[in-house]
Amino acid sequence: MARRKKTSLIEDLLDLLALLPWWVCVLLAAIGYVTLHRLAAPLQASDIRAGAVMQTALIHGLATIGQYLVPLLCLTAAALSAWRRRQRKGLVTDVAQARSADALDGMSWREFEMLVGEAFRMRGYRVTETGGGGADGGVDLVLAKGNEKFLVQCKQWKAYKVGVDVVRALFGVMAARGATGGFVVTSGRFTADARDFAQGRNIELIDGPLLFAMIQQARRSQVRADPAAPLAGVATVTEAKAES
């Protein structure tokens with residue numbers, strides 16, 4: 001899946017921090033301020049060791065700036081994390097109320113990735129978003145359930161089918177990282193070769209109609225657990241499969 005190019009180190013850090021829960025970012029902001037504020041306190045002559053004047057002055061200068069910059073960065077990431085959480089919930093609601101898997105087609109790669117992550121959360125997995133496309137072998141999500149780890153690749157491809165090369169690459173990363181299993185999720189379809197390769201290798205291929213049905217089923221389970229939750233427009237899994 002194509003990735004948006006980062007424009008600065010600050011943007012990279014924000015994106016990384018925003019993968020954490022918002023409350024963790026707030027906690028990091030508080031810890032960062034307290035720690036750096038102490039280092040930024042006015043220096044006494046006894047604080048400066050012989051032969052370390054430049055080093056002490058550098059640390060003091062960085063701490064003076066960092067005591068405000070680090071908390072600001074963490075609080076911005078907290079807001080971004082909370083907004084993404086709300087966005088994920090909204091995406092699930094929109095898809096759950098849709099009448100067919102065509103609702104997946106208009107999503108950006110980022111929205112699709114967030115939707116897939118939320119779908120697995122609804123199935124009881126702990127989800128870590130990695131951003132994909134790096135040294136992790138293109139893995140977009142890491143799932144955990146108990147002591148087991150699963151890897152996920154998301155492919156927001158509508159123009160053509162996902163081929164066997166993608167599935168084969170994920171299988172190699174699974175072996176390298178000791179993952180129990182893996183998922184390739186697409187808004188489109190898979191080739192016959194891709195499906196044949198996945199057989200017997202603990203890799204589940206989830207195409208657009210199946211993802212749509214999975215979200216509908218998980219949403220209905222939530223509604224049964226909480227009768228006050230909205231149900232309007234939610235189709236059954238059987239209806240979703242029939243429409244696909």
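Which side chains meet in a salt bridge at 3.8 Å, N to O? They are those of Asp-207 and Arg-189. This pair links distant parts of the chain, 18 residues apart. Asp-207 is in the loop between strand 5 (203–206) and helix 7 (208–225). Arg-189 is in the loop between strand 4 (181–186) and helix 6 (192–198). Helices (H or I, at least four residues) and strands (E, at least two) are DSSP runs, numbered from the N terminus.

This is a predicted model: local features need pLDDT of at least 70, side-chain atom pairs count only at pLDDT 80 or more, and totals for chains, interfaces and linings use all residues. Residues are numbered from 1 along each chain as its sequence is written, and side-chain values use heavy atoms, with hydrogens and water left out.

**Salt bridges**

The structure holds ten salt bridges. The term means a side-chain nitrogen of Lys or Arg within 4 Å of a carboxyl oxygen of Asp or Glu. Glu-129 and Arg-110 form one, at 3.2 Å from N to O. Glu-129 lies in strand 1 (residues 126–129) and Arg-110 in helix 4 (residues 109–122), 19 residues apart. Arg-121 pairs with Glu-118, with the closest N and O atoms 3.3 Å apart. Both lie in helix 4, three residues apart, about one turn of the helix. A network of salt bridges links residues including Arg-110, Glu-118, Arg-121 and Glu-129.

**Burial**

Buried means under 20% relative accessible area, exposed over 50%, and partly exposed in between (1.4 Å probe, protein chains only). Glu-129 and Arg-110 are both buried. Some other values follow.

| Residue | Relative accessible area | Class |
|---|---|---|
| Glu-118 | 2% | buried |
| Arg-121 | 24% | partly exposed |
| Asp-207 | 9% | buried |
| Arg-189 | 39% | partly exposed |
| Arg-84 | 9% | buried |

Arg-84 is found in helix 3 (residues 53–97). Leaving aside neighbours within four places in sequence, its contacts (heavy atoms within 4.5 Å) include Asp-15, Arg-110 and Met-114.

**Rings and cysteines**

There are six aromatic pairs in the whole structure. Phe-120 and Tyr-125 have ring centres 5.6 Å apart and planes at 80 degrees, so they are edge-to-face. Rings of Phe, Tyr and Trp (its six-membered ring) pair if their centres lie within 6.5 Å; planes under 30 degrees apart count as stacked, over 60 as edge-to-face and the rest as tilted. Ring pairs join Phe-120, Tyr-125, Phe-150 and Phe-183 into a cluster.

The whole structure has zero disulfides (pairs of cysteine sulfur atoms within 2.5 Å). The sulfur of Cys-74 is 6.4 Å from the closest cysteine sulfur, in Cys-25, too far for a bond.
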